[in-house]
Amino acid sequence: MRSNPTGPAGRAATVLATALTVALPLLAGAGPAAAADGRPDRDFTIEDPRITESSGLAASRTHPGVYWTHNDSDDGPYVFAVDSRTGKTLATITMRGVGKPRDVEAISIGPDGDIYVGDIGDNLDGTWDHVWIYRFPEPKTLRDATVDAVQYDVKYADGARNAEAMMVHPKTGRVYIASKNEDGGGLYEGPAKLTAGAVNTFRRVGEVPWVTDGAFAPDGRRLVLRSYFSARAYAFANGRLGEDRSVAAPFQRQAESVTYTADGSALMFGTEGERSEVVRVEVEGGGAEGGGREQGKPSGAGSPAGEAGEEKGDGPGEGSTGIGVAVVVGAGVLWFALRGKRKRG
């Protein structure tokens with residue numbers, strides 16, 4: 001379930017998100033539609049009316065141009081395969097053998113081709129003593145099906161956490177979770193191998209900002225983490241974060257998800273809501289091994305947040321005007337939040 005930020009900064013983020021929800025359609029025009037040229041991995045809109053809270057994305061390793069997603073709460077044990085060529089759902093997978101999902105927030109695919117589903121959210125802001133990860137093989141044929149899934153119990157070594165980002169390393173298969181906190185979260189590393197029927201303890205191995213989703217590059221050497229208004233790419237080696245840089249993430253109504261394309265040539269950024277849009281951002285020098293630098297530009301109408309100063313609109317002043325309005329709105333909201341905090345202090 002979507003957890004609302006707390007405190008002055010959190011309230012400012014909430015109001016800014018609301019303002020952007022109203023402003024962006026006016027500034028950027030209609031959102032992405034299904035790829036007009038029929039090519040996969042382009043900007044697209046999720047057409048399925050059942051998918052109203054797409055909270056995670058994972059590029060299929062078996063079916064080119066297909067993305068796995070899910071609703072984030074109160075929806076049942078369902079995972080959807082969406083075709084980026086048309087935005088239509090090709091398969092609905094029902095997981096069998098798991099408990100009732102509580103707050104599903106993330107999805108990732110491991111090097112063995114298994115799909116991992118992260119029931120890791122905590123709308124009570126870190127009070128549940130355990131969360132779950134579900135796992136099943138990616139279907140070879142895309143059709144509605146019920147599959148047997150393995151359920152793993154997860155705890156954190158330093159106590160309960162709220163989280164929305166779960167990433168499986170594409171080479172080692174190790175699972176990582178990034179916790180979500182307005183004052184900064186942590187990157188947690190799972191055991192080398194998850195064990196069913198036992199507690200899997202995740203240990204803090206790094207510090208991260210506010211995170212709503214994350215994804216490893218196909219070669220495992222970079223980890224991208226996104227928030228509501230920005231994204232960063234970290235060098236990743238030996239299970240630890242390295243140098244980081246900003247990523248040109250698009251402004252979206254409820255920025256929730258990110259994944260690399262299967263070939264590593266781009267990042268796909270998703271959002272919640274009915275007919276939610278997925279925006280492609282090119283990776284400079286990206287390719288089959290995904291070793292490029294994540295400083296490209298969105299291919300569609302979405303305005304970038306991470307590299308806003310470098311972007312231009314389709315016509316004179318269009319891009320800068322949209323971004324300028326968003327910046328002014330954000331500055332005003334943050335100013336009032338901080339002013340209120342000083343008064344209360």
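Which residue does the side chain of R221 meet in a salt bridge? That's D219, at 2.9 Å from N to O. By salt bridge I mean a side-chain nitrogen of Lys or Arg within 4 Å of a carboxyl oxygen of Asp or Glu.

Before I go on, some ground rules. This is a predicted model, so local features need pLDDT of at least 70 and side-chain atom pairs count only at pLDDT 80 or more, while totals for chains, interfaces and linings use all residues. Residues are numbered from 1 along each chain as its sequence is written, and side-chain values use heavy atoms, with hydrogens and water left out.

Okay, back to our pair. R221 is exposed, at 52% relative accessibility, whereas D219 is buried, at 10%. The cut-offs are these: buried is under 20% relative accessible area, exposed is over 50%, and partly exposed is in between, using a 1.4 Å probe and protein chains only.

How many salt bridges does a search of the whole structure find? It finds 17. One of them joins E47 to R275, with the closest N and O atoms 3.0 Å apart. E47 sits in the loop between β1 and β2, and R275 in the loop between β20 and β21, so this pair ties together parts that are 228 residues apart in sequence. E47 itself is partly exposed, at 27%.

R253 is in the loop between β18 and β19, E277 is in strand β21, and they are 24 residues apart. Here R253 is partly exposed at 36%, and E277 is buried at 10%. You'll also find D158, R161, R204 and E207 linked in a network of salt bridges.

Now the sheet. Eight strands make an open sheet, in the order β6-β7-β8-β10-β14-β13-β12-β11, with mixed pairing. We say two strands pair if DSSP finds at least two bridges between them. At the edges stand β6 and β11, each with a single partner strand, so one side of each has no neighbour in the sheet. From one strand to the next, the twist averages 30°, with axes being lines fitted to C-alpha atoms and angles running from 0 to 180 degrees between N-to-C directions. Zooming in, β13 and β14 pair in the antiparallel sense over five bridges, and E189 has R203 in β14 as its bridge partner.

What about the nonpolar cores? A core here is a set of buried Ala, Val, Leu, Ile, Met, Phe, Trp, Tyr and Cys residues joined through side-chain atoms within 4.5 Å. The largest has 19 residues, and W68, I115 and F136 are among those with the most contacts inside it. Strands β3, β4, β5, β6, β7 and β8 each supply at least two of its residues. Apart from it lies another core of 16 residues, including A106 and Y152.

Take I115: leaving aside neighbours within four places in sequence, its contacts (heavy atoms within 4.5 Å) include W68, I107, Y134 and F136.

Last one: is T212 buried or exposed? Buried, with a relative accessible area of 0%. T212 is in the loop between β14 and β15, and its side chain reaches the backbone oxygen of A255 at 3.2 Å. Beyond its neighbours within four places in sequence, T212 also has K180, Y228 and E256 among its contacts.

Methods. Helices (H or I, at least four residues) and strands (E, at least two) are DSSP runs, numbered from the N terminus. A polar contact is a pair of N or O atoms within 3.5 Å; within protein, one must be able to donate a hydrogen and the other to accept it, and residues adjacent in sequence count only if both atoms are side-chain atoms.
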